[in-house]
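Colleague: Hi! Could you walk me through this one? I'm new to reading structures.

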Amino acid sequence: MLELNLILVFIIIGAIIAIQVKDLLSAVAALGASGLGLCIAFLTLKAPDLAITQIVVETLCLIILIKATIRKDLPFSTSGRWFFNTLVTFVFLAVFLYFGYKALKTLPPLGKPLMKISQFYMAEALKEVKATNVVSAITLNFRAYDTLGEATVLFTAVIGVIAIMRKKGRKKIEEADEND
Amino acid sequence: MITYFLCLVLFTVGLYAILRKRNIIKMIIGIIICEYAVNLLLLLFGYKMNGRTPIYSPNQEILDMVDPLPQALVLTSLVIGLATTALIVGIAIRLYEKYGTFDITKIRNLKN
């Protein structure tokens, strides 16, 4: 798994650059590089559906973030208790990493999944659904309610964006008309 | 094991941005990085060593597939992540229009 580790190191370096660089547009570009690295990691882990979706999501995410950051600069201020806050943050992150490392030791090792439920899905995908792609058989047939919930969340978020980004409020005459 | 730990380090980088940065856009970038780490960790749980892509072929018998269930769930998670990111960025744009800054300490001080 050497190539996967190298890709992960690339993603981490891209994330650190995206966080620490001062220009916001450069930060968004570094985040895009990190996301494309994640796409290659998905391909390495034998998940082509996820890689396709990740490319589309990454591009849309980049466009949305550039819309927010273009021609806006970032003032850098170190007022307040700068040293104390940084120290507390790093101590917390160190404790988080330590306990996360202890918790990861209890997981099954990499490359040996349990696959108790997936045995059923993989056996029934060809017989019942007649789909050669097992992932699409799961998302569209066995767990179709999950996809329905996903669509619900998606449209709710779209309604929220429309309600937030709307420039004009509703006029009072229209409200009076609706009340009648 | 080292791969799991690198995933955890990636999550920690995102968490640092959420906790310590003052710019709202940097905090959003931190949230997106956390999403990357969680998706990758979920996918790593279902990886079988030298496994094949979970797609059947009519010509040959494919026995050692990777686990398709985490892939299906992460597929849902990716799309929901995009929707929530759009919502957060919309709120950030409106905050910039109202206060003229992305700095959360200045936004907190401006009361009207």
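This is a predicted model: local features need pLDDT of at least 70, side-chain atom pairs count only at pLDDT 80 or more; totals for chains, interfaces and linings use all residues.

Colleague: Great. How many helices and strands does chain A have?

Modeller: Chain A has 8 helices and 0 strands. Reading from the N terminus, the order of elements is α-α-α-α-α-α-α-α.

Colleague: And what share of chain A is buried?

Modeller: Of the 180 residues in chain A, 33% are buried. As for contacts in chain A between residues at least 6 apart in sequence, 41% link residues at least 24 apart.

Colleague: Let's look at two helices. At what angle do α1(A) and α2(A) pack?

Modeller: The angle is about 165 degrees, and the axes of α1(A) and α2(A) are 8 Å apart.

Colleague: Why give both an angle and a distance?

Modeller: Because two packed helices are described by the angle between their axes and the distance between the axes.

Colleague: So are α1(A) and α2(A) roughly parallel or antiparallel?

Modeller: Roughly antiparallel, because angles over 145 degrees count that way. The crossing of α1(A) past α2(A) is left-handed.

Colleague: Which residues meet there?

Modeller: From α1(A), they include L4(A), I7(A), F10(A) and G14(A). The α2(A) side includes A27(A), L31(A), G37(A) and T44(A).

Colleague: New topic. How many residues are in the largest nonpolar core?

Modeller: That core has 59 residues, and the ones with the most contacts inside it are L31(A), F42(A), L50(A), I28(B) and L40(B). At least two residues each come from α1, α2, α3 and α4 of chain A, and from α1, α2 and α3 of chain B.

Colleague: Which helix gives the largest share?

Modeller: That is α2(B), with 11 residues of this core.

Colleague: What is L50(A) in contact with?

Modeller: If we leave aside neighbours within four places in sequence, L50(A) is in contact with F42(A) in chain A, and with L43(B), Q71(B), V74(B), L75(B) and L78(B) in chain B.

Colleague: Okay, what about T12(B): buried or exposed?

Modeller: T12(B) is buried, at 8% relative accessibility. This residue lies in helix α1 of chain B. Not counting residues up to four places away in sequence, T12(B) touches L93(A), F96(A) and L97(A).

Colleague: How many disulfides are there?

Modeller: There are 0 disulfides over all chains.

Colleague: Last one: which loop holds K46(A)?

Modeller: K46(A) is in the loop between α2 and α3 of chain A. Its phi is positive, about 60 degrees, although K46(A) is not a glycine. K46(A) is partly exposed, with a relative accessible area of 26%.

Colleague: And what is phi for N50(B)?

Modeller: Phi of N50(B) is near 55 degrees, again positive in a residue other than glycine. N50(B) sits in the loop between α2 and α3 of chain B, and is exposed at 62% relative accessible area.

Notes
Residues are numbered from 1 along each chain as its sequence is written. Chains are lettered from A and ligands numbered from 1 in the order in which they are written. Side-chain values use heavy atoms; hydrogens and water are left out. A disulfide is a pair of cysteine sulfur atoms within 2.5 Å. A nonpolar core is a set of buried Ala, Val, Leu, Ile, Met, Phe, Trp, Tyr and Cys residues joined through side-chain atoms within 4.5 Å. Buried means under 20% relative accessible area, exposed over 50%, partly exposed in between (1.4 Å probe, protein chains only). Helices (H or I, at least four residues) and strands (E, at least two) are DSSP runs, numbered from the N terminus. Contact means heavy atoms within 4.5 Å. Axes are lines fitted to C-alpha atoms, for helices over the stretch in contact, and angles run from 0 to 180 degrees between N-to-C directions. Angles under 35 degrees count as roughly parallel, over 145 as roughly antiparallel, 65 to 115 as roughly perpendicular and the rest as oblique. A crossing is left-handed if the near helix is turned anticlockwise from the far one by less than a right angle, and right-handed if clockwise.
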